[in-house]
Structures are given as structure tokens and as C-alpha cells.
Amino acid sequence: MELYINAFAHYIPETRVPNSYFKEVNGLDDEWIYSRTGIRNRSKAGKGENTNTMALEAVERLNDKLPFPIEEVDLIVAATYSPHDTVATAAHAIQRRFKIRAAQCLSVSAACSSFINAMEIVEGYFAMHKATKALVIASEHNTEYSNETCSQSGHLWGDGAVAIAISASPEGEKPAKILSIFTRGLGHIGKADTAVYLRPHHGGIGMPEGRDVFINACHYMIEGLSAVTSSQGKQLSDLKYIAPHQANKRIMSTVARQIDFPEDHMLSNIEEVGNTGCPSCAIALSQNLDRVQQGDLVALTVFGGGYSCGAALLQF
């Protein structure tokens, strides 16, 4: 069965926190942070905003672009590791707001790989003929859990959400055919069990093993790209753009250098919004859709704590 992304939309909170804020908070200055991460500012959810409200905002914007009535959606998959509510999830909030009565709703978490895992779940539901029109939403409220005083990772996190619509028909203003999806759990490698954590009552979100994350992210983000391109008889050089997980500018630069890919075709927003977690790769693509032309091959590639990795290959 052929699957298409019919529309993209994203939501990023208006508030920005500059690097200068952290000088008194954790002792790190602007140039130190920028030279090691590529971040100048990070987005921060406002008062009353949370993972669910940002997801709703993204779907509100998506709804204006849908080629079919939103009430026809029969599957809603939310992706997050920083939920507002682990029971009434973002998927359920969307069903309620938009009165999508016949939809199946679920939430998935695989750290910063969650968005690609959510796409793969949709692929499975469609293959089993249990869904025909789906919404995938990724939303993270990192700043709700981050410890700003932590000099290892307190300055990394931003907030935001993305939403896409998937169906079996190439409808929409700029539809993208999903050619291949790849995911893998990597809990057995390196320092996977301690490198990144989110413990709401025991330190919040942290990344104490940045070097281990860096080494493995560079390797497995490339492995994901190789998996989705080779499955379609393509080469990495056939890609027009790559939308990588926005964990660190140096990771993205290293991946580009190792596969001899033009860095200006690595879609990035980390300088302005920081690491927005699992929506980050798709937010970067959504922000740059005007650069993508019909026929372009675009890949998303991600690496998540725990560890995990994933990639998707799209043909516009």
C-alpha cells in the first residue's frame, strides 16, 4: 500500500530564551554554548501552554491544509517523552477538540526517535486495513522538565510541536510519498541506560553522557539514512535534503561531512529554537517546505536516548 503525507504544520511558542540568560544560571556564556551546540536561543512554552496545547495548536494549523475533512481521520498517534498527561494524552485531546469520533488514539514514546516510530505505527495500521486517514503529532515541553542550573544540558532544550496528515492518496498542496521507514532500539549499546534521562521527581531531564550520545548519534543517524535509501535502490547522494534530529549542530555537521553531503542542505533550526526533541526533525522540514520541489528526495533521520534511532525517506 502506498502512503502519502498530505500536509505538514508546526507550532513553536513565541518566547525565546537567549544564551545570555544562562551566564548567571549555570555559568555558561553565549560563545561557549554556541560553539559546542549551535544554539543561540531556545523556544519556551508560555504560561498555560503544555504538550497537549502545543499539539492542538499544530493540528489547528494543519486543519487549514487538509485535503479531507478532519472528522474523517480514523487514527491519531501522538509522540512525546514529555507528556502533560499520561492518561488524557495529546491524541485524546485532539480527538476531543476536533470531534473526531471514529478515531483510534494512542501515544508512543521512544525518546527523540518517537516521531519516526509514530509514522511506522501508522504504516502498520494501514497495512492491516485498520486505518485510512491518520494524524501524527509530535510535541515536547522540554522546559517543563529541564534543570536550567545543570551545566551539562540545562541550556539545550526548547519546546514545540509538529503535525502531519497521512493517507493512501497523493492529495494536498505538496504531498510526499513515504518510500521507506526504519526504526531500531539500541538499548544494548554504549551508555544507553544512563546517557539521557527524564525522571520527573528525580532531577528532571538530563544528558550526563554527552560524548557517548554524540558518537552513537553520528553513527546511527547515518545507518538510518543508509537503510532507507538502500531499501529503494537509492544512494545518499540522491538525497536533496536531510532533516535531522536537532540535538546538536556539531552532530549534524559531522553527519554531513562523513557522508559528503552539502551542509546547507541539512535542514536546521537549532540556532533559534534549541533541541525541541522528537518533533525537531519534522519541524525543520515543515519550516523549509518552500525549498522542496516536486521530485525531491528528502530524508529524516533521528537518534534518541535510551537509545534508539530511525529514519524515513520521502519523495515529493
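Student: How much space lies in the largest cavity?
Tutor: About 60 Å³. A cavity here is a set of points, on a 1 Å grid over the protein atoms alone, where a 1.4 Å probe fits but cannot get out. The volume is the space filled by probe spheres set on the points. This is a predicted model: local features need pLDDT of at least 70, side-chain atom pairs count only at pLDDT 80 or more, and totals for chains, interfaces and linings use all residues. Residues are numbered from 1 along each chain as its sequence is written, and side-chain values use heavy atoms, without hydrogens or water.

Student: How many cavities of 30 Å³ or more does the structure hold?
Tutor: One.

Student: Which residues line the largest cavity?
Tutor: Among them are Phe 22, Arg 42, Glu 148, His 155 and Trp 157. Lining residues have an atom within 4 Å of a point.

Student: How does that lining divide into nonpolar, polar and charged?
Tutor: Three nonpolar, four polar and three charged. Asp, Glu, Lys and Arg count as charged; Ala, Val, Leu, Ile, Met, Phe, Trp, Tyr, Cys and Pro as nonpolar; the others, Gly among them, as polar.

Student: Is Cys 218 buried or exposed?
Tutor: Buried, at 3% relative accessibility. Buried means under 20% relative accessible area, exposed over 50%, partly exposed in between (1.4 Å probe, protein chains only).

Key. On a 1 Å grid over the protein atoms alone, a cavity is a set of points where a 1.4 Å probe fits but cannot get out, and a pocket is an open set with protein on both sides within 12 Å along at least five of seven lines; lining residues have an atom within 4 Å of a point.
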